[in-house]
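Me: I've got this model open and want to go through it with you. Pick a residue and start there.

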Amino acid sequence: MTKKYEMTVGLEVHVELKTDTKIFCSCPTGYGAEPNTQCCPVCMGLPGALPTLNRRAVEYAIRAGIAANCSIAEYTRLDRKNYFYPDLPKAYQISQYDSPLCFDGHIDICVGGEKKRIGITRIHIEEDAGKLIHDRERGTLIDCNRCGVPLIEIVSEPDIRSAEEAKAYLKKLRSLMIYAGVSDCRMNEGALRCDVNISVKERDSERFGERCEIKNLNSFNFAAKAIEYEFRRQCELAERGETIKRETRRFEASDGKTYSMRSKESAEDYRYFPEPDIPPFSVLPDEIERIARELPRLPDQRAEQYSREYALGAYDCDIITSDMAMADYFEAAAKRTAYPKILANIMISEILGRVTQESFECPISPENLAELADMAGEGVINSSTVKKLIKRLWESDGSAREIVEREGLAQIRDRELLRELVLGVIMDNEKLVVDYKKGRTVAAKAVVGKTMSATGGRADPKILCELAEEILKSQ
Amino acid sequence: MSDILKRTLLEHARALSAGEYSAEELARAYLSRIDEKDKEIGAFLAVAEESALNAARASDKRRAEGRSLGLLDGIPIAVKDNICAKGIATTCASKMLDGYIPPYDAAAVERLRLAGAVILGKTNMDEFGMGSSCEKSAFKLTKNPIDTSRVAGGSSGGSAAAVAASFAPCALGSDTGGSVRQPAAFCGTVGMKPTYGRVSRYGLVAFASSLDCIGVISTSVADNATVLGAISGKDARDATSSDREADFDNRLDLGVSGLRIGLPKELFSDAVSDGVKSAVMSAAEIYERLGAKVFEISMPSLDMSLPAYYLISSAEASSNLARFDGVRYGCRAEKYSDINELYIRSRSEGFGDEVKRRIMLGTFALSAGYYDKYYAKAQMAEELVRRDFERAFGECDLLLSPTSPEVAFHIGEKSGSPTNMYASDICTVPASIAGIPALSLPCGADGGMPVGLQLMGRAFSESTLYRAAYALERERGRER
């Protein structure tokens, strides 16, 4: 049933900028402090207090814009977004309404080997609200520490067509923000939050369906699950001919469903108007150029470089550049090996599984891993030895070549020696010859396997395969 | 002692310097007069006796040790109750902030304290600055010291009355649409609204952010310039504050010879009473005699000023006053069953009628579907007013008009009709919209009540305003 429909998804992502101080005052932004110890009259909205703009936050936002291929506004201003909520001390949020700092950008993602471009409508700066803590005895408590922490809001075009694409987009976006040095994107600290806008329509229809908003998803998996559930929910309603109400919903992690937050027929009126306390400001082309120059090489740039210099495939490039620390590590190691493609393979198949999602920390030095890649490339060791060595080096870093020499782990490539061993195995397992003659090619694999064990896993598997086939045929 | 209370600030400064009396004696004299007479006037909401005497003693000590801080050291000053003074209740004359004690000083108060001034207390005002008579205070009425059956003006009525009644030689007020100039005129004092951005707004409880200015009320022009100079200057905490040089009290005696003074005919319409017109024109004649070129000009966009002002200021106020929600400070309703009720009840109980009226008007003007028709239109009107002033200052150095269309009215006379009340701002609102400096000084009387003359100048031309005001003041002093 769902095949009849197509989803249209746009994502709004809020990212906390890692400036030292807040966006409109000089309070520190650090996470985890005792409640209400990082605030002042300005961020608490005390009577008479006034905001002043932290230019570092503007610079970080521009970095994010450049990383997302946006145009940067030469002249921009802040606006007030008015609404009442206990975590909003001034009862308005200073944000940007119709002159966002960055606009018209795009992020390229890789899904199932296919490249896709997701448009970025805008990126604007704004202040974060405080935190509400619900305490059974004391009621709702307000912590103003987070009030005024600088945020950027990144709004995508509704170009996303699946939960998988959404996840890829979020991962790429997160990675870009880390590369650009504007945020650590620590999900557990709420540094990156996502709202989903989703509607459905019949595949060939021109008209978009009514959309629903799912707010405040703080994990990529939850975002994907929420999209999947909501897509099914909307499809079912559409199939039954029922109208889909435009509303805000929340995702319940415990059952994977979305629930309506409030039934509101009309959108809230925020009565936006220009912020009179902060004069509009300009961003000079020189400044934008400087900021762009000071950015580290971004993932797409690096991927293009790896593909050019090292002939790495798109899939491998995508994985290696997805984390800046991993990309930096790869570059340091690739310089030192004649076999960068093998190095990439080893990193993806052996190293990636051992590091945490949050940070790429590999105890094996790039030099040592490069050496390992060289030996694999030269054929000195086989893939199972590579695995063994990685395990050893993970525990205590060292020179792979030394270990191989010392322990005699080098791959056995002596055809004569291997021929003898294969012959030996065949002699001991005559049934295998019979099976092979009957056409069971799995018998050859068994010969290879037994011979490999006999060598303690050190035989060159390619040679073994060749010899096994040759000898079995000749029997 | 009561004679010395009629002295100007600069006369006190000389006397303190000469050792004629101490700062403590001076403070006590004013405090004692306040104690005796303020029940008749109602200028003060809070008198900070202990901290004032401490500050006065500290001043005397400094002087004795040869470390005097200058002209303002030991000088008593009153501060309007919407300007934060650390440790003293700041209520903005509203139940909403009853008992609220700010944890910080406004920039202007900080500078006064650094100059050694003695803060006597906080003065009454129309609630949150919304009013032109001081009848909209939630706590008390301030009467005009010259005729207590009449209003003191607003919204800085308490500050103007305090100076007129000799409760302080000088007072700070705030002016958004005329709130320093009009009460200054009604009470026969000098009142200056400086250029927008001259004085930091940090610590001034916001009413209309793009219009609010802290101003000075005094008995003499020279006093006014001295205090304004002390509180002016760039403040990193106010992004709209200016770093222009602030030396106003130099060369007050330059005279007006050669100055071109324009009289915008739109501000001399039939709305202005004959008595006021006559007093203002006499002053214009004096300027002519003193060598200024005085002529009529036309500024047709001024007619748009009043509606534009009320729309913009109400819109900004509706946003600025939203923080008063009963959650973190100020008045919170006793009974509520959820957050919405907490908001609704606290704000309904805490705000007076006029404040509610303006919040509703302002919210409406900003609301979806109406923004373009009202707020955006009002902004365009403001721009036309600004351009009109630019043009006028091409032909003139100063503009002259009445400060208010009439003298202080009787208590209760206008409180029936809000729009009648708003109309008393027609002369003062244009300068607020243009962000230019404007000063009111006494120029005569009408039926025994003082008439105020308004002088307006280009942005940052306070020196010219003071110089022209000083010339009139001196001339009128000679005539008397």
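Reply: Glu341(B) counts as partly exposed, at 26% relative accessibility. Buried means under 20% relative accessible area, exposed over 50%, and partly exposed in between, with a 1.4 Å probe and protein chains only. This is a predicted model, in which local features need pLDDT of at least 70 and side-chain atom pairs count only at pLDDT 80 or more, while totals for chains, interfaces and linings use all residues. Residues are numbered from 1 along each chain as its sequence is written, chains are lettered from A and ligands numbered from 1 in the order in which they are written, and side-chain values use heavy atoms, with hydrogens and water left out.

Me: Which residue forms a salt bridge with Glu341(B)?

Reply: Arg345(B), with the closest N and O atoms 3.3 Å apart. A salt bridge here is a side-chain nitrogen of Lys or Arg within 4 Å of a carboxyl oxygen of Asp or Glu. Arg345(B) is partly exposed, at 35%.

Me: How many salt bridges over all chains?

Reply: The count comes to 73. One joins Glu65(B) to Arg67(B), with the closest N and O atoms 2.6 Å apart. Glu65(B) is partly exposed at 42%, and Arg67(B) is partly exposed at 44%. Another joins Glu189(A) to Arg186(A), at 3.8 Å. There, Glu189(A) is partly exposed at 24%, as is Arg186(A) at 36%.

Me: Which residues are linked in a network?

Reply: Arg80(A), Glu275(A), Asp277(A), Arg201(B) and Asp238(B) are linked in a network of salt bridges.

Me: New topic. How do helix 12 and helix 14 of chain A cross?

Reply: The axes of helix 12 (residues 415-428) and helix 14 (residues 442-454) of chain A come within 9 Å and cross at roughly 115 degrees. Axes are lines fitted to C-alpha atoms, for helices over the stretch in contact, and angles run from 0 to 180 degrees between N-to-C directions.

Me: Left-handed or right-handed?

Reply: The crossing of these two chain A helices is right-handed. That is the label if the near helix is turned clockwise from the far one, and left-handed if anticlockwise, by less than a right angle.

Me: Which residues make the contact?

Reply: Leu421(A), Val422(A), Val425(A) and Ile426(A) from helix 12 of chain A, and Val447(A), Lys450(A) and Thr451(A) from helix 14 of chain A. Contact means heavy atoms within 4.5 Å. By class, the contact has 5 nonpolar, 1 polar and 1 charged residues. Ala, Val, Leu, Ile, Met, Phe, Trp, Tyr, Cys and Pro count as nonpolar, Asp, Glu, Lys and Arg as charged, and the others, Gly among them, as polar.

Me: Over to helix 3 of chain B. What should it span?

Reply: Helix 3 of chain B (residues 49-64) has 16 residues, so at 1.5 Å a residue it should span 22 Å, and its end C-alpha atoms are 22 Å apart, which agrees. The expected span is 1.5 Å times one less than the number of residues.

Me: Which of its residues are buried, and what covers them?

Reply: The buried residues of helix 3 of chain B are Ala52(B), Leu53(B), Ala56(B), Ser59(B), Asp60(B) and Arg62(B). What covers them includes helix 2 (23-41) and strand 3 (118-123) of chain B. Helix 3 of chain B is followed by Gly66(B), which has a positive phi near 75 degrees.

Me: Which residues have a positive phi without being glycine?

Reply: Among them are Cys185(A), with phi about 50 degrees, and Phe128(B), with phi about 55 degrees. Cys185(A) sits in the loop between helix 2 (163-179) and strand 11 (192-202) of chain A, and is buried at 0%. Phe128(B) is in the loop between strand 3 and strand 4 (143-144) of chain B, and is buried at 4%.

Me: Where is there a cis peptide bond?

Reply: From Gly154(B) to Ser155(B), with omega near 10 degrees. Ser155(B) is in the loop between strand 5 (147-151) and helix 5 (157-164) of chain B. Most residues other than glycine have a negative phi, and most peptide bonds are trans.

Note on methods
Helix = DSSP H or I, 4+ residues; strand = E, 2+ residues; numbered from the N terminus.
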